[in-house]
Amino acid sequence: MQNRNSGTTINGIGYFRQGWQLATLPGIRRYVIVPLLVNILFVGSAFSWLFFRLEQWIPRLLGHVPGWLQWLNYLLWPLAILSLLLIFGYFFSTLANWIAAPFCGLLAEQLENRLTGQNIPDSGWAGLIKDLPRVMLREWQKLRYYLPRALILLLVHFIPLIGQTLAPVLWFMFGAWMMAIQYCDYPFDNHRVPFSDMRRTLAADRTAHLQFGALVSLFTLIPLVNLVIMPVAVCGATAMWVDQYRGSNASRKAHNPPGVIAP
């Protein structure tokens, strides 16, 4: 991947790092406020509630381990906690993203304007209201992609021994991929790139996007830091879009007028 300024190679880790810087740019900070407040409300409340419930849930989860393997509990306990954190982290992040999706799209739009010096047609608050049905449909497409895969991973948990050790790894990899899809999709959707095309584009450089998504997932697990991660991830993903994908996709919006929902 190429940095838009220096031409030096940059990976998903670099774009995540850029997200922290871009979210604090003058003129961009006001578009960060709503996603930030939504994330604090939902993710903050969810993790506070979860930490009070862990002592009840972990013994129940480990109860599926056969008696002759109880000696492994000292290893399975942290894996069970990690699994619950990953599941809840993504679930409540997804819920927060549903609420904040129009504002995350607006943040991506305004940051792209700032980085490129070019205005996107129908940008701003009026464009946000007009595009609201399309944005909500797009969030449903992400959820429809996520649910059947998450259900399969959830069932893996109930496979004795193997499930308790393998599931956290699979959840983390899948969560990283979904975080990449979630946040990279905002600038793609602003340009009417269909969801299926967006996924194929990200899959063509899966390593870089897994790096980006893995960092978002990890920071979602860190108390207090996870409260600000949403706008940071949107900004990092938008920088990636501008550098890597805008040139070949920016014309789509002109061919898909407002009110037309791309498949």
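Q: Which residues does Glu 139 touch, not counting residues up to four places away in sequence?
A: In this predicted model, Glu 139 touches Asn 97, Trp 98, Ala 101, Gln 182 and Tyr 186. Glu 139 itself belongs to helix α5, which covers residues 132-156.

Q: Why does Glu 139 count as buried?
A: The relative accessibility of Glu 139 is 2%. Buried means under 20%, so Glu 139 counts as buried.

Q: What makes the phi of Arg 192 worth noting, and where is Arg 192 found?
A: Most residues other than glycine have a negative phi. The phi of Arg 192, however, is positive, near 60°. Arg 192 is found in the loop between α6 (162-190) and α7 (195-203).

Q: Is Arg 192 buried or exposed?
A: Arg 192 has 2% relative accessibility. The limit for buried is under 20%, and Arg 192 therefore counts as buried.

Q: Which residues make the contact of α1 with α8, and how do they divide by type?
A: From α1 come Gly 12, Ile 13, Tyr 15, Phe 16 and Trp 20, while α8 provides Ala 208, Gln 211, Phe 212, Leu 215, Val 216 and Phe 219. These residues comprise 9 nonpolar, 2 polar and no charged.

Q: What makes α9 largely enclosed by the rest of the structure?
A: Of the 16 residues of α9, 15 are buried, so this helix is largely enclosed. Helix α9 (residues 229-244) reaches 22 Å from its first C-alpha to its last, close to the 22 Å expected at 1.5 Å a residue.

Q: How many helices and strands are there in the protein?
A: There are 11 helices and 0 strands. Of the 263 residues of the protein, 52% count as buried.

Q: What is the mean pLDDT of the protein, and where is confidence lowest and highest?
A: The mean pLDDT is 78, and 68% of the residues reach 70 or more. Confidence is lowest in helix α11 (residues 252-255), with a mean of 48, and highest in α7, at 95. Over residues 254-263 pLDDT stays under 50.

Notes:
Residues are numbered from 1 along each chain as its sequence is written. This is a predicted model: local features need pLDDT of at least 70, side-chain atom pairs count only at pLDDT 80 or more; totals for chains, interfaces and linings use all residues. Side-chain values use heavy atoms; hydrogens and water are left out. Helices (H or I, at least four residues) and strands (E, at least two) are DSSP runs, numbered from the N terminus. Buried means under 20% relative accessible area, exposed over 50%, partly exposed in between (1.4 Å probe, protein chains only). Contact means heavy atoms within 4.5 Å. Ala, Val, Leu, Ile, Met, Phe, Trp, Tyr, Cys and Pro count as nonpolar, Asp, Glu, Lys and Arg as charged, and the others, Gly among them, as polar. pLDDT is the predictor's confidence in each residue, from 0 to 100. The expected span of a helix is 1.5 Å times one less than its number of residues.
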